[in-house]
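I begin with a pair of helices and then turn to a sheet.

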Amino acid sequence: MSNILVVSDNESLNLLYIMNLEVYLNIKVILVKSLLEAIEYLKKDKIDIILSLDLINKEESAVVLTKFLKSYGKNIPIIISGNQKEDALEEDIYYTAGKFNIQAILKRSAKILGITAKKMSELNIGSFYPISIESLKGLSKAPCHIYPTASAHKFLVRQDDPMDEVISDLASKGVPQVFVSSGDRLVMTNKISLTLIEKITESLNNLEATAPIEKKLQVLSDGYEFAAANLFSSDEIKKQMQEIASAAARVMGDVARDSTQLKGLLAILTSNKDGYIFTHSMITSYVAYHLIKNLTWGGEGQVEKINFVLFFHDIFLAPIYLKFPELKYETEILEFNLLNDKERETVLNHAKLAAELVVGYKRCPMGADILIKQHHGMKRGKGFIKFYMEDLSPLSKIFLIAEMYVEEFFKSQEVGAAPFNRAAVIPKLISEFKTPSYTKLVQSLVNVPL
């Protein structure tokens with residue numbers, strides 16, 4: 001059996017990685033939560049492959065691990081999960097786009113280890129399948145019957161019974177694993193995904209108002225990445241995403257209120273290596289908050305609604321942006337010559353697809369699906385408009401203006417670009433939107449702290 005060293009200080013990801021790697025690849029997973037622990041383990045034990053988050057305690061794991069391996073003359077393939085270009089390769093370092101993109105991680109791990117679907121299908125796993133104690137620590141109830149050994153006739157824990165005390169007791173005694181019926185191993189992986197939704201939602205709901213902005217952004221980023229990675233998973237998981245989005249909308253409002261400068265917020269997002277869409281959404285949330293704040297009819301309800309919309313509005317573009325990290329502005333995507341026909345169709349219809357996703361949620365904010373459809377000015381959610389209609393809702397207009405303003409700001413951050421000049425940008429936006437109702441809103445951009 002191959003050994004994989006997982007380096008992750010993210011509790012949510014730990015569950016996801018361990019369970020999926022064990023169940024789908026039948027490999028032994030060793031989890032460490034710091035680069036120092038990883039190095040100490042690599043000094044003394046045989047490891048076939050390393051999987052690490054791109055940043056561990058703000059250190060670039062690829063740099064630290066590569067330096068160690070070279071100095072000790074070790075040649076171990078490394079998979080880095082983050083927001084880098086997928087499949088980029090440098091001296092046995094492989095990148096997968098997205099921390100929660102477990103399919104890509106499994107595929108790359110299998111390829112490195114020479115594990116094929118045929119080999120897995122031929123594997124004689126018997127009637128019972130081992131599950132490590134570490135991967136069960138996040139579960140409060142047993143998703144299926146759990147047995148103490150592969151030959152036991154009595155249950156350790158029955159399905160749906162509380163299991164956290166039993167697992168903690170076994171872990172304290174050094175018991176490495178328990179067993180489930182082989183037919184239930186996929187039930188376990190699905191339960192992990194549902195448990196992650198609960199954990200991410202709980203983390204968002206339990207964030208204190210005084211928590212640092214960096215902490216809030218990290219939990220928000222996890223929620224967004226998980227949702228984007230599970231767009232095409234089970235209906236049960238997709239339905240539960242509303243819980244993450246609703247909690248995220250409130251925290252996004254807190255971040256907008258707590259941030260004193262647009263540039264400062266962008267600096268934090270950039271240092272965290274957050275993806276373009278999440279970064280763009282957070283900056284747009286900040287601008288929209290200040291626009292709404294200065295309107296007589298603006299209030300917390302409008303801020304929360306627009307943040308719920310921001311969570312979902314570009315979510316169907318997330319896989320494309322992960323595949324092509326060099327992409328930036330939505331209006332330029334269709335000119336990108338590496339997109340295939342299916343990806344172009346997704347770009348054209350992403351607003352419509354996102355609106356259809358949220359309209360099925362029972363507690364979706366009223367009109368959120370309409371705002372998502374209209375976030376490029378097209379009432380049916382298809383394509384990109386050239387002339388902005390007057391009969392859109394006021395919140396749709398705020399959304400359009402905030403996004404265009406943010407795009408202008410992002411352009412000014414590019415290498416060699418002129419510094420951001422609000423005095424020049426506001427007239428430019430007025431010329432784009434033209435009609436009086438838009439003009440008044442554009443002029444209020446002077447109230448957005450830079």
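I looked up the handedness of the crossing of H8 and H9 and found it left-handed (the near helix is turned anticlockwise from the far one by less than a right angle). The model is predicted, with local features needing pLDDT of at least 70, side-chain atom pairs counting only at pLDDT 80 or more, and totals for chains, interfaces and linings using all residues. Residues are numbered from 1 along each chain as its sequence is written, and side-chain values use heavy atoms, without hydrogens or water.

I noted that the axes of H8 (residues 213-229) and H9 (residues 235-258) come within 9 Å and cross at roughly 155 degrees. Axes are lines fitted to C-alpha atoms, for helices over the stretch in contact, and angles run from 0 to 180 degrees between N-to-C directions. H8 and H9 are therefore roughly antiparallel (angles over 145 degrees).

I then listed the contact (heavy atoms within 4.5 Å). Among its residues are Leu 217 and Leu 220 of H8 and Ile 244 and Val 251 of H9.

Next I traced an open sheet of five parallel-paired strands, in the order E2-E1-E3-E6-E7. Strands are DSSP runs of E of at least two residues, and helices are runs of H or I of at least four, numbered from the N terminus. Two strands pair if DSSP finds at least two bridges between them. Strands E2 (28-32) and E7 (93-97) are the edges, each pairing on one side only.

I also checked E6 (residues 78-82), which pairs with E7 in the parallel sense over five bridges. The bridge partner of Ile 79 in E7 is Tyr 94.

Methods:
Parallel < 35°, antiparallel > 145°, perpendicular 65-115°, else oblique.
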